[in-house]
Amino acid sequence: MKDFEEKLKDTMQETQVMSQEARQAFDLAYQKIAQEQKRVQHKKKTFIPFVVLAALVLLGLSLAFTPIGKAVTNFLHLGRFTSETLQKKGFVTQQSTKATNENIEIELTEVYAGQNEIGLHFMIQFPKYSKFTDETLDFYGIAFALKNGDGRYLVDLKSGLSENHENLNLFASITPDFHFDRSTNQLELTYRLQASNDEVPPLENAVIEINRVTAMYPIDDTPGYHEGKEGETFEQLKGFWELPIDTSKIKSFDALDFVPTDPVWAKTVSGVVYPNSFVLTTSDKTFNELVDPDDIWLQAVINDQETRHLPRVLSTDEKDGEMYYQIVFDYSGYDQAELIMVHYGETEVEFKRQ
């Protein structure tokens, strides 16, 4: 395990070039996996192990897609962009920016932004005879960049619009979700951008730039089998849609600190709650042990009801020569629980709100 960690550490410091076609294929294929796992409501979310993370880095990807688990089934589906509590408190803001290009209208309908996460909600209207209305297509997406008012690109998802500007590593994961209504030819898309640290800058006069809409034909593993038109794997349309965000509407929520109730853990483990997540950070190597993914969860009591929440992201970081481990749980309780219990294999740590 130690040798593997050292190789992983070396690998994470490498940068390798990946063609646009290969990157698009990988991204959409992983999005397909994410959607398939999300639709299985009775299975727990798959936890991404170090091996997969290493593979992503080897492919030169700075953004990794993570599937949506059953712990966040209240996310969207549809018109519910986050938890009802945060909706009522004004964390999610209504937007109404539209742009039309290549006979396709894209509207930004909702946005939320916090210290460690940004959420974007789009509605895309296709014309009646668009190639994107083909019933065999699935796994829709867009290529976009998010640029703040100071000209800094915060994220670039396959658009290339930020090329030669800066190294984008603010977000560790992006979670997509979509629903296509074939009766109206309307596509609904959401993206949750999870930061690799807790330093997402406030959005001020931000704008979303979109330059491609994509979809994928179903693919069978059988050699030579393919359902796409004329051998094509993807449908894509290049254009340009610019969607300014009314950042004056965005309401910021403070992060809430949680500390272990047992002093034994106090020096090595800490917790922070954001509007859509609980983040555990620790230097204790116990949290780097390989355990069954089903044995990792967060437990909280809200309104006298016990709730269980699954992990979304696991990552490592090194600071001052010491390795730190971080687990991000899908948790939307925010300020509703005073105590939170984290289970990691045989290890249990109880946290209390500061």
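How many aromatic pairs does the structure hold? The count is 17, and keep in mind that this is a predicted model. Take Phe-122 and Tyr-191 to begin with: their ring centres sit 6.4 Å apart with the planes at 70 degrees, and since planes over 60 degrees apart count that way, the pair is edge-to-face. The two partners come from distant parts of the chain, with Phe-122 in strand E4 and Tyr-191 in strand E8, 69 residues apart. Phe-122 has a relative accessible area of 0% and Tyr-191 has 1%, so both count as buried.

Another edge-to-face pair is Phe-278 with Phe-351, at 5.4 Å centre to centre and 70 degrees between planes. Here strand E13 supplies Phe-278 and strand E19 supplies Phe-351, so the pair ties together parts 73 residues apart in sequence. Both of these Phe residues are buried too. There's also an aromatic cluster made of Phe-126, Phe-132, Phe-139, Tyr-140, Phe-178 and Phe-180.

Beyond its sequence neighbours, Phe-122 touches, among others, Ile-106, Ile-142, Leu-187, Ile-210 and Leu-243.

Strands E8, E16 and E17 each give two or more residues to its lining, which divides into 4 nonpolar, 4 polar and no charged residues.

How values were computed: Residues numbered from 1 in each chain as written. Predicted model: local features only at pLDDT ≥ 70, side-chain atom pairs only at ≥ 80, totals over all residues. Heavy atoms only, no water. Helix = DSSP H or I, 4+ residues; strand = E, 2+ residues; numbered from the N terminus. Nonpolar A, V, L, I, M, F, W, Y, C, P; charged D, E, K, R; others polar. Contact = heavy atoms within 4.5 Å. Phe/Tyr/Trp six-rings, centres within 6.5 Å; stacked < 30°, edge-to-face > 60°. Buried < 20%, exposed > 50% of the residue type's maximum accessible area, 1.4 Å probe, protein only. Lists of a residue's contacts leave out its neighbours within four places in sequence.
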